[in-house]
Amino acid sequence: MGKRVLVIEDEPNIIEAISFILSRDGWTVHTHADGASANAKIRTTPPDLVILDVMLPGKSGFDILRDLRADDETASIPVLMLTARGQTRDREMAQRLGVTQFMTKPFSNAEVLESVRTLVAG
Amino acid sequence: MASFNVLIAVALFYAVLLFVIAFAAERSAEKGRGGWLRSPLIYTLSLSIYCTAWTFYGAVGYAARSGLEFLTIYLGPTIVMIGWWWILRKLVRIGRSQRITSIADLVSSRFGKSTSLGVIVTLLMVLAATPYLALQLQSVTQSFAVFAAASGHQWEGQDLARVALWVAVGLAIFTILFGTRNLDANERHHGIVMAIAVEAVVKLFALVAVGVFVIWGVAGGPSQMIDMIDASPLSQWDQSTARWVGLTFLSGAAFLTLPRMFQVLVVENADEDHLRTASWAFPLYLLAMSLFVVPIAVVGLDLLSIGANPDLFVLTLPLSLGHNGLAMLSFLGGFSSATSMVIVATIALATMISNHIVTPIWLSSRGPGAVVSGDVRQLVIGARRLAIGGVLFLGYVYYRLSGGGAALAAIGLISFTGAVQVLPAMIGGIFWRGATRLGAIAGILVGLVVWLWTLFLPSFGPDAVIPVEVMYNGPFGLGFLRPEALFNITGMDRQIHAIMWSVTLNSIFFFFVSVLTFPRPLERLQGAQFVNVFEHSEGARAWTTSTAEAEDLLIMAQRILGSAEAQDLFLIEAQRQGKQGYLPEVTPDFVQVLERELAGSVGAATAHAMVGQFVQGASVSVEDLIAVADEAAQILEYSNRLEAKSAEQERTARQLREANEKLTALSIQKDAFLSQISHELRTPMTSIRAFSEILGEGGMTPDQLTRYSGIIHTEAVRLTRLLDDLLDLSVLENGQVTLNIQRGTVRDMLDRAVSAAAAGKAMTILRKLGDEALVLETDVDRLTQVFINLISNAQKYCDADRPVLRIDLHRASAGWVLDFTDNGSGIPKQSQQVIFEKFSRLTDHRKAGGAGLGLAICREIMVRLGGEISYLPGQGGAAFRVVLPGAH
Amino acid sequence: MVKAPAKLTFLERAGYRRRRMRDVARVLPLIGALLFCVPLLWPRKSPYGPGTADAMIYLFVVWSVLIGLNALLTRYLGQDADHKTETQ
């Protein structure tokens with residue numbers, strides 16, 4: 001059984017794309033579409049990697065990241081952040097909050113796969 | 001001989017005519033052409049309901065029995081009208097400034113909006129009016145019987161009762177139809193007032209016609225008439241001083257306190273200036289009504305047989321001389337007198353019953369929040385309809401019980417004496433600040449008991465209610481409590497005895513209990529406002545702070561005043577405060593205004609209680625009241641001004657803060673605009689790129705192939721739509737749009753919009769057809785686009801299990817409007833401000849599938865078309881109002 | 001704004017007259033009530049004194065005069081445009 005990746009994203013088509021790419025590579029993919037309950041979800045079933053969107057209903061990706069880092073149990077989980085806004089300000093913000101890697105949409109599938117492999121191995 | 005059938009036909013025709021007149025007046029008032037309905041002349045004529053069947057038939061009977069004494073009944077009101085500067089001017093001013101709905105409301109409102117006083121006065125008035133209503137039924141029935149006898153049918157008791165019942169039912173229907181169409185008791189009975197004015201002319205004309213016939217047709221001229229009077233049994237001047245003075249006082253007082261008189265004098269008064277005209281014109285009317293009474297009585301006594309009922313001389317005299325047409329006219333005059341009185345009296349009583357008994361009971365049984373959830377409007381209107389039926393039924397029962405045989409004048413005086421028990425509290429209330437609620441209650445209750453004991457109960461006849469034994473020896477042998485000789489004072493006229501004792505004891509209790517008790521703050525406040533109504537119409541406020549939410553208040557107001565009026569009230573206040581939309585800042589002043597508006601519909605006490613449910617614990621305190629105390633007036637004037645100023649500043653600050661918040665929000669959005677566009681474009685692009693890479697790698701199953709290419713297609717469409725919307729919006733915003741003005745009906749546009757939006761999830765759309773034939777001259781396609789947006793928005797966001805969208809076309813103060821109201825949970829107040837901004841999506845935007853540009857586009861379109869779109873709060877679900885441009 | 005003194009006197013006089021007319025309006029009902037009671041002072045059942053016909057004529061004449069006076073008075077007070085706002 002492969003390592004577990006949690007995709008927090010609310011756009012169903014993007015979820016489907018990421019799930020397809022990763023499960024074909026042997027990863028176990030879980031998805032979660034709601035921002036407000038995302039931290040609780042991570043706590044109850046800690047994944048090996050979180051792929052996090054920024055614009056989420058209920059709670060923004062930045063807030064989720066901050067709370068995740070503030071919590072000892074989840075502080076060390078690597079986070080790959082995906083955003084469609086892609087401004088420098090967003091990147092800086094993510095880095096200040098302790099993101100592991102930051103990537104803008106649209107992404108290349110190979111790039112995502114590569115990052116996931118690197119982050120979990122490292 | 002006048003055929004009885006002809007009479008029935010004439011009476012029915014006349015009733016239909018009144019219906020038509022009332023209906024036409026209502027219609028022309030609705031169309032805003034009702035200005036002439038509110039003239040001093042119509043006002044004066046409407047006062048003529050003072051002259052009931054008691055006047056039309058009874059006055060002649062009275063004169064035949066007691067000579068000129070009948071004049072006291074008209075001299076009293078004459079003195080009151082001529083002295084309008086003293087009392088009536090003040091009553092009318094108070095009635096208008098406090099939005100008084102009835103005499104019970106006046107007393108209740110003056111004494112601290114007291115519910116208990118409202119109940120007491122209402123019950124007293126219903127009791128007092130019952131004999132009077134019976135009197136009207138009796139006189140109409142008797143007049144029918146006269147004609148029946150003339151055509152050879154001698155009616156028995158059963159026939160009379162049946163006629164009385166039919167008359168009562170007919171009157172109830174007329175009154176319900178025209179008296180309870182609108183809830184606001186304050187100004188809108190155009191139909192009824194008009195019908196009454198017509199009846200006033202008919203009855204005056206009829207009585208004058210009979211009088212002229214008697215003087216010139218029978219007696220042969222005025223001087224012969226004088227000779228006839230000198231030769232008649234009435235020739236000698238033998239008037240009792242006590243009855244002359246006592247009855248003049250009684251009629252003058254009753255003129256002020258009878259519920260129906262209060263209704264036409266104060267409640268239906270449209271302009272204080274009308275009172276000036278009426279102050280001489282109405283006495284003139286009374287004079288004309290009285291002028292021929294003695295001649296008719298004298299000629300009747302001379303020509304008709306000894307056994308003839310003098311109460312019916314007006315009818316039987318022309319009939320016996322073969323003037324059937326005149327008799328018919330006279331019948332219509334009497335019919336008019338009786339029906340107009342019954343209509344207004346039942347409306348006045350029904351208003352009192354619904355406002356002071358039914359609604360308070362309902363409110364206290366439901367507890368807080370009832371005003372928001374329950375349907376107050378239906379309750380009040382239903383209660384009024386039932387009360388109209390109930391009051392008429394009581395009158396009918398009294399008529400049956402009393403046997404229908406008593407002289408009309410005697411019955412009328414019983415009613416007058418009952419109604420007059422409100423006089424001390426009323427006059428004391430408007431002239432004396434020291435009058436208290438407990439004083440008023442004590443006085444009225446004592447007066448009521450004395451009246452019941454000395455006049456009302458004995459009126460049913462010996463042994464009917466009070467045993468003969470008690471009449472002669474007093475209850476339990478207590479001689480000083482004999483109903484007709486209180487405190488062993490005998491030898492007084494029965495009627496005068498009752499008036500004297502009831503009013504005297506009433507006043508004494510009112511005065512001393514007032515002096516010995518201490519008023520509550522609200523009583524003192526209201527007392528000052530009533531007594532000094534000419535000095536400061538504004539005065540202190542009954543609410544000092546307000547914690548109520550504007551939306552809650554709007555919901556309540558809509559339930560009572562009706563949607564259109566409540567929305568206008570809130571809109572005007574919001575505009576006055578410089579705010580957008582329908583929700584003004586809830587200032588104490590606004591709460592005051594709102595309470596007054598509500599009071600115009602449901603009475604002061606109920607309105608105060610309703611508003612109190614929202615503004616708890618913030619009612620006026622003794623300290624606030626110092627504001628109205630004379631001693632500290634100057635200091636407080638100053639501090640009031642300071643307070644007003646600081647309130648003003650606070651309000652300005654709040655508005656600034658609000659504007660600032662909006663600006664900040666806007667600039668953040670403008671800043672974020674590019675990043676938003678970026679996000680909206682990149683999101684579909686992401687899916688497209690990811691799936692095209694996947695497809696490019698090959699090795700898919702046919703199912704996967706179909707599915708993934710489908711996704712790519714959907715996302716591409718989404719991208720295109722987004723770009724279209726953006727272009728559309730930018731064209732609209734820059735004003736580069738070319739409008740294609742056409743004519744089209746609202747129905748066609750809605751049909752197109754509904755079928756275009758029908759692709760969404762199932763939703764019931766309720767449309768008010770009929771009105772939709774309205775033709776608009778505008779850019780039909782653009783307006784349809786707005787409708788499509790609103791309908792599909794409702795489809796997307798309405799969260800009800802069974803979504804329903806109501807589309808309602810109607811006229812509002814802004815012009816023709818189309819309301820789109822769904823049954824979901826609506827839009828929270830803090831979001832209502834921003835929904836028309838670009839990219840403002842409130843819920844999960846994936847579900848919506850749009851970019852949040854729809855409403856922004858709608859707003860831009862409406863601005864270009866010269867219409868308006870706004871969010872309508874307080875409708876239950878989400879509601880949007882489109883003010884239609886180019887309506888014809 | 002400064003007004004000519006002559007005009008001021010005139011206005012004051014008109015104002016003064018209005019005040020007195022208002023006093024008349026207040027007293028008129030009392031006068032009426034008294035006049036309506038005058039027949040009570042007449043002898044009763046006297047074959048030589050006034051009868052019902054005389055009382056009737058007297059009362060209707062008084063009544064008409066009161067109505068006429070009141071009509072004149074209200075017309076006069078009606079010119080008083082500020083009567084809605086002034087104090088008693």
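In this predicted model, 17 residues of chain B are in contact with 18 residues of chain A, two residues being in contact if their C-beta atoms, placed from the backbone, lie within 7 Å. On the side of chain B that touches chain A, helix 30 (633-697) and helix 31 (702-733) of chain B each supply at least two residues, and helix 30 of chain B gives the most, with 13 residues. Helices (H or I, at least four residues) and strands (E, at least two) are DSSP runs, numbered from the N terminus.

Chain B as a whole has 36 helices and 9 strands. Of its 888 residues, 50% count as buried, that is, with 20 or more other C-beta atoms, placed from the backbone, within 10 Å of their own.

Chain B is divided into four domains, with bounds from an automatic or database domain assignment:

| Domain of chain B | Residues |
|---|---|
| domain 1 | 4-408 |
| domain 2 | 531-630 |
| domain 3 | 658-733 |
| domain 4 | 741-883 |

The contact between domain 3 and domain 4 of chain B takes 11 residues from domain 3 and 12 residues from domain 4. On the domain 3 side, helix 30 and helix 31 of chain B are the elements that give two or more residues, and the largest share, 6 residues, comes from helix 31 of chain B.

Residues are numbered from 1 along each chain as its sequence is written, and chains are lettered from A and ligands numbered from 1 in the order in which they are written. As the model is predicted, local features need pLDDT of at least 70 and side-chain atom pairs count only at pLDDT 80 or more, whereas totals for chains, interfaces and linings use all residues.

Conventions
Buried ≥ 20, exposed ≤ 12 C-beta atoms within 10 Å, placed from the backbone.
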